[in-house]
Amino acid sequence: MPSLGRLHLITDTRPGRDPLAVLQAVLPVARAELVVQVRVEDATTDREAYDLTRRVVALCQPYDVTCLVNDRLHVALAAGAAGGHVGADDLPVAAARRVLGPAAVLGATAREPGSAVAATTAGASYLGVGPYRATTTKDGLPPAIGAAGVQAVAGAVGVPVIAIGAVTAEHVPALRAAGAYGVAVVGALSGATDPARAAAALIGALTC
Ligand SMILES: Cc1ncc(COP(=O)(O)OP(=O)(O)O)c(N)n1
Ligand SMILES: Cc1nc(C(=O)O)sc1CCOP(=O)(O)O
Ligand SMILES: [Mg+2]
């Protein structure tokens, strides 16, 4: 299994966004510390998700950057991604592991220690833990868990914890102190005036 990068860029495929342009700006800055998670809107077809993932895999390959696919594990396998990420509405972690195989990277969402331990026992290689703060990027999330919530999960498991939810570089020191290995972001990169600069700030905070 490849070592896991600390900065997870989740693609922003909302109307008006350009996830490939953001990725092309971030790749030379973040390099092997980057993980890209292809996440598409529910209405996106599998064909569109596959085409996007193929393009992301091709962009990541020269930088040795890991590409994962959110939810759609068949797209991950078909497009040659390194693995996937599942949450409560997706395949169970053990089933996802069976689909992807033992060598794949498999992320699972966990919001508290009990489900976190269960996910790692079932085969998760890392956990996405949040929402750290309230975010406008995704609807229907439970209340923010803050640094204390991240710390509770990180203290209960032995796999890397990736904090998510309105995270920017300024939050990274507190998250690392809480035991987070890395962070996953949409808006901090997709919404940045200068995504390369924002990535540099995140990488600097994650690796100092
Ligand atoms: C790193 C990371 N953490 C959490 C999530 C959320 O996954 P999920 O709960 O399945 O929600 P959707 O992203 O599918 O809407 C994630 N994608 N990545
Ligand atoms: C996709 C997603 N999942 C979350 C969770 O807590 O499960 S928060 C989130 C959105 C993250 O985007 P931003 O960095 O712009 O807040
Ligand atoms: Mg999901």
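Modeller: Gln37 is buried, having 23 other C-beta atoms within 10 Å. Keep in mind that this is a predicted model, where local features need pLDDT of at least 70. Residues are numbered from 1 along each chain as its sequence is written.

Colleague: What makes Gln37 buried?

Modeller: The rule is 20 or more other C-beta atoms within 10 Å for buried, 12 or fewer for exposed, and partly exposed in between, with C-beta atoms placed from the backbone. Gln37 has 23, so buried is the word.

Colleague: And why does Glu41 count as exposed?

Modeller: Glu41 has 10 C-beta neighbours inside 10 Å, so by that rule it is exposed. Glu41 sits in the loop between strand 2 and helix 2, while Gln37 belongs to strand 2 (residues 34-38). The UniProt annotation "binding site", from an unreviewed entry, includes Gln37 and Glu41.

Colleague: How do you know that helix 1 and helix 2 are roughly parallel?

Modeller: Helix 1 (residues 19-30) and helix 2 (residues 46-60) pack at about 15°, with axes 11 Å apart. Angles under 35 degrees count as roughly parallel, over 145 as roughly antiparallel, 65 to 115 as roughly perpendicular and the rest as oblique. So helix 1 and helix 2 are roughly parallel.

Colleague: Which residues of helix 1 and helix 2 meet?

Modeller: From helix 1, Leu20, Leu23, Gln24 and Leu27 meet Arg55, Val56 and Leu59 of helix 2. Being in contact takes C-beta atoms, placed from the backbone, within 7 Å. The contact residues divide into 5 nonpolar, 1 polar and 1 charged.

Technical notes
Chains are lettered from A and ligands numbered from 1 in the order in which they are written. This is a predicted model: local features need pLDDT of at least 70, side-chain atom pairs count only at pLDDT 80 or more; totals for chains, interfaces and linings use all residues. Axes are lines fitted to C-alpha atoms, for helices over the stretch in contact, and angles run from 0 to 180 degrees between N-to-C directions. Helices (H or I, at least four residues) and strands (E, at least two) are DSSP runs, numbered from the N terminus. Two residues are in contact if their C-beta atoms, placed from the backbone, lie within 7 Å. Ala, Val, Leu, Ile, Met, Phe, Trp, Tyr, Cys and Pro count as nonpolar, Asp, Glu, Lys and Arg as charged, and the others, Gly among them, as polar. UniProt positions are given in the numbering used here, feature names are shortened, and annotations may be inferred rather than shown by experiment.
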